[in-house]
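Thanks for making the time this morning.

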Amino acid sequence: MYPEELVAPMRTDLTSVGFTELKTAEDVDNHLKDLKGTSLLVINSVCGCAAGAARPGVKWAVQQSQKRPDHLTTVFAGVDQSAVAKAREYTLPYPPSSPSIALFKDGELVHFIERHHIEGRTAEMIGNHLIEVFDEYC
């Protein structure tokens, strides 16, 4: 587990632009179990690709897109363990991956971006991809 003082700025990076943290398995279930509409779920991480591409790309897409998910949520890998484990149940059949980005529509996973699709890509590439996904599903 990472100390809270280390991850606090990384949490704030998303919550400051409207993301809601899901910190327990119950929080994840309560949000996704009977979801109506769309929800973006970011599995946040302390790694460099989260800081350099995932979080900036997600924030840019949410701010720039004409269409956006109804809900913006996040769990933090290596910190909120029960929430992340529950979120990963909802993202099956994809293997555990952090950072990663999931879009749900009416409770169904409709798009998933794994870590290997984030690594080596710029925030702009991630953001542009997400805008296309939002246009399709939101």
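Predicted model: local features only at pLDDT ≥ 70, side-chain atom pairs only at ≥ 80, totals over all residues.

Let me begin at Leu40, which, leaving aside its neighbours within four places in sequence, is in contact with Phe19, Val58, Val62, Pro69, His71, Leu72, Thr73, Ile101, Ala102, Leu103 and Phe134, where contact means heavy atoms within 4.5 Å. Residues are numbered from 1 along each chain as its sequence is written, and side-chain values use heavy atoms, with hydrogens and water left out.

Leu40 belongs to the largest nonpolar core, which has 22 residues, and is listed with Phe19, Val58, Val62, Ile101, Ile118 and Leu130 as having the most contacts inside that core. A nonpolar core here is a set of buried Ala, Val, Leu, Ile, Met, Phe, Trp, Tyr and Cys residues joined through side-chain atoms within 4.5 Å, and buried means under 20% relative accessible area, with exposed over 50% and partly exposed in between, for a 1.4 Å probe and protein chains only. Which elements give two or more residues to this core? They are strand E2 (38-44), helix H3 (48-64), E4 and helix H6 (123-137), and H3 gives the most, with seven residues. Apart from this core lies another, of 14 residues, among them Val28, Leu41, Ala102 and Phe104. As background, nonpolar side chains in soluble globular proteins tend to be buried together.

Stepping back to the whole chain, there are six helices and five strands, and helices (H or I, at least four residues) and strands (E, at least two) are DSSP runs numbered from the N terminus. In that direction the elements run α-β-α-β-α-β-α-β-β-α-α. The radius of gyration is 13 Å, close to the 14 Å that the globule rule gives for 138 residues, so the chain is as compact as a globular protein of that length; the radius is taken over C-alpha atoms, and the rule is 2.2 Å times the number of residues to the power 0.38. Along its principal axes the C-alpha trace spans about 35 × 35 × 30 Å. Buried residues make up 47% of the 138 residues, and of the contacts with a separation of 6 or more, 73% come from residues 24 or more positions apart.

Beyond its neighbours within four places in sequence, Phe112 is in contact with Thr91, Tyr94, Ser100, Ile101 and Ala102.

In helix H3 we find Ala54, which at 1% relative accessibility counts as buried and which, again leaving aside neighbours within four places in sequence, is in contact with Cys49, Pro99 and Ile118. Glu119 is in the loop between helix H5 (115-118) and H6 and counts as partly exposed at 37% relative accessibility.

Finally, the backbone. Most residues other than glycine have a negative phi, and most peptide bonds are trans. Against that background, please look at the loop between helix H4 (81-90) and strand E4, which holds Pro93 as well as Pro99. A cis peptide bond joins Leu92 and Pro93, with omega about 15°, and a cis peptide bond joins Ser98 and Pro99, with omega about 0°. Asp106, in the loop between E4 and strand E5 (108-113), has a positive phi of about 50° although it is not a glycine, and this residue is partly exposed, with a relative accessible area of 44%.
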